[in-house]
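Here is a walk through one protein model, from its overall make-up down to single residues. Have a look at the fold before reading on.

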Amino acid sequence: MTSRIPRDSRLRLVRPRPLAAAPRAMNQRRSRRPAPRPPEGTPAPAELARMARSGLAAAARVARWADAALGPGGDSATADGKATLSDATAERAARDLGLTPAQVRGDWDTARLAGLVEVHGDSARPGWRLRAWDRDDSAVLRGWVALFDAWSLAHPEPGDREAAAVAEVVSAMPQALSFLQLSAGPVPVEQLLDLLEQRVTELRTARCEIPYGPQPEPVAEPEPTDAPLAPLLDWALRALASVGALTYGDGQATLTPLGSWAVWVKLEQICVAAQSPAGNIEQAAEDMLRGCAQLRPNAARAEYRAWLAARPVGSAVTELLGAARGEDALLRGLAFEALRVVGAPAEPDVRGVLAEPTLRPYALLWLAVHDGADPEDAHEVLTREEATWLWVDTAAAVADHGEAPLLVRHLESAVQPTVPMLLDEVRAVGHPRTVQVLVALAAAHPDPALAKAVRRAAFQVHTGGG
């Protein structure tokens with residue numbers, strides 16, 4: 001009996017699919033929830049975007065200056081490898097723009113928080129929102145919401161307060177903002193202070209745990225939140241006013257149209273997640289991603305946004321990367337899709353996993369898209385070995401969660417021009433799921449000769465043969 005192994009089985013060359021191609025192909029369920037409408041009296045999106053552009057005009061001006069003056073081959077933007085503008089750069093910008101160095105620094109920080117400029121090491125580059133600033137209202141509004149989310153960083157916190165007390169006030173302010181939004185008008189600061197004190201008390205009570213069994217006498221520790229909260233509320237309201245979310249004066253606070261709209265958006269995101277079948281807002285990252293696996297891309301992104309809105313960005317990114325390190329390749333791809341929703345705040349953590357072989361291809365693609373590459377061309381940043389590893393990992397996701405025809409079609413996304421070359425490189429790349437992927441592909445492929453070649457490759461990997 002002669003071998004029927006194909007001598008040169010050509011793969012149909014197509015542009016490699018984006019990372020989430022396999023999960024998207026498996027998504028079958030449509031989101032039936034109608035698009036929510038903002039409260040009556042909310043300005044139209046175009047008018048909201050006009051307001052946001054007006055409020056961020058100075059930040060956009062500094063960002064454009066940085067784009068022109070600090071591009072490749074230009075001067076360093078920072079002196080400490082962080083986001084702090086160097087003295088020389090601040091003074092140069094002040095001269096060029098007719099501002100004071102202090103004004104430049106303030107506008108720079110605003111531009112950075114809004115995603116108009118991004119700092120990497122000692123260099124700066126324009127964010128994608130700056131490129132779309134004049135033509136894309138949604139990009140402008142997302143930039144303003146990013147600034148709104150970072151309100152606690154936009155205004156220096158009181159230096160004489162415990163960090164724990166500041167953190168409690170930051171955690172409690174969403175409830176105060178919701179009350180302002182529902183009030184739809186001026187609210188006395190005394191009323192907001194009462195609400196803040198109640199919420200802080202609830203947070204402190206929720207942290208209390210009653211241990212079981214006899215315990216040693218507790219050591220008395222000072223409670224930082226016993227200090228009056230009025231100064232911290234004053235700081236929070238001034239910070240929110242500095243980003244344009246509210247007006248504050250004469251003993252009362254009022255949400256601006258942009259602030260009211262942003263609070264409504266956050267509440268709506270939480271409601272979407274709370275009404276989802278899996279209740280994703282309360283789930284850990286891994287369970288949330290599993291709950292989103294069957295949703296179409298737009299619905300999944302809405303779930304990611306709601307889940308992220310309900311927790312601090314730092315811990316959410318850490319949790320998503322933890323889920324990506326698991327054995328389920330589908331969750332790995334979905335975790336990085338969720339990290340795309342996080343955007344710039346996730347970049348340091350994503351760069352931090354480049355040394356991990358399991359996450360490196362995903363991180364490289366994420367960074368390429370984040371840096372402005374077309375998602376269809378982002379694969380060009382991968383080496384041949386990294387692309388092959390990613391092909392096996394995506395095939396593992398398809399094998400675990402998809403259908404046989406999809407696994408067969410996955411062959412089209414391989415970078416190798418022939419099946420023998422693909423099998424040689426798949427064997428060499430050392431992915432832990434190689435054997436299972438090849439066995440599943442052999443079982444699914446309708447061509448007996450190709451299936452036999454794939455089975456032989458799986459056996460060689462399993463036995464360690466060449």
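A word on exposure before anything else: a residue is called buried under 20% relative accessible area, exposed over 50%, and partly exposed in between, using a 1.4 Å probe and protein chains only. Keep in mind that this is a predicted model, where local features need pLDDT of at least 70 and side-chain atom pairs count only at pLDDT 80 or more, while totals for chains, interfaces and linings use all residues. Residues are numbered from 1 along each chain as its sequence is written, and side-chain values use heavy atoms, with hydrogens and water left out.

**Overall picture**

The chain has 466 residues, and buried ones make up 44% of them. Its secondary structure comes to 23 helices and five strands; these are DSSP runs numbered from the N terminus, with helices being H or I of at least four residues and strands E of at least two. As for contacts (heavy atoms within 4.5 Å), 67% of those with a separation of 6 or more join residues 24 or more positions apart.

**Two cores**

A nonpolar core here is a set of buried Ala, Val, Leu, Ile, Met, Phe, Trp, Tyr and Cys residues joined through side-chain atoms within 4.5 Å. The largest one has 70 residues, and Leu116, Trp144, Met173 and Trp261 have the most contacts inside it. Helix H9 (residues 163-183) gives the largest share of this core, eight residues. Another core lies apart from it, with 66 residues that include Met288, Val317, Leu406 and Leu422.

What does Leu116 touch, leaving aside its neighbours within four places in sequence? The list runs through Ala59, Ala60, Ala63, Ala111, Pro126, Gly127, Arg129, Leu130 and Trp133.

The structure holds three aromatic pairs. Rings of Phe, Tyr and Trp (its six-membered ring) pair if their centres lie within 6.5 Å; planes under 30 degrees apart count as stacked, over 60 as edge-to-face and the rest as tilted. Two of these pairs are set out here.

| Pair | Type | Centre to centre | Angle between planes |
|---|---|---|---|
| Trp151 and Trp235 | tilted | 5.5 Å | 45° |
| Phe336 and Tyr362 | stacked | 5.6 Å | 25° |

Trp151 sits in helix H8 (residues 151-154) and Trp235 in helix H11 (residues 230-242), so their pair ties together parts that are 84 residues apart in sequence. Both Trp151 and Trp235 are buried.

Why is H18 (residues 360-370) largely enclosed by the rest of the structure? Nine of its 11 residues are buried, so the helix has the rest of the structure around most of it. Pro361, Tyr362, Ala363, Leu364, Leu365, Trp366, Leu367, Ala368 and His370 are the buried ones. After H18 comes Gly372, with a positive phi near 110°.

**The second largest pocket**

On a 1 Å grid over the protein atoms alone, a pocket is an open set of points where a 1.4 Å probe fits, with protein on both sides within 12 Å along at least five of seven lines; lining residues have an atom within 4 Å of a point. The second largest pocket holds about 230 Å³ of space, the volume being what is filled by probe spheres set on the points, which are joined across faces, edges and corners. Its lining has 16 residues, with Thr110, Leu147, Ser242, Val243 and Gly244 nearest the centre. H5 (101-113) is among the helices that supply at least two lining residues, and H5 gives the most, with four.

Ala184 has a positive phi of about 55° although it is not a glycine. This residue is in the loop between H9 and strand S3 (187-188), and Ala184 is exposed at 71% relative accessible area. Asp250 is another non-glycine with a positive phi, near 55°. Asp250 lies in the loop between strand S4 (246-249) and strand S5 (252-255), where it is exposed, with a relative accessible area of 81%.
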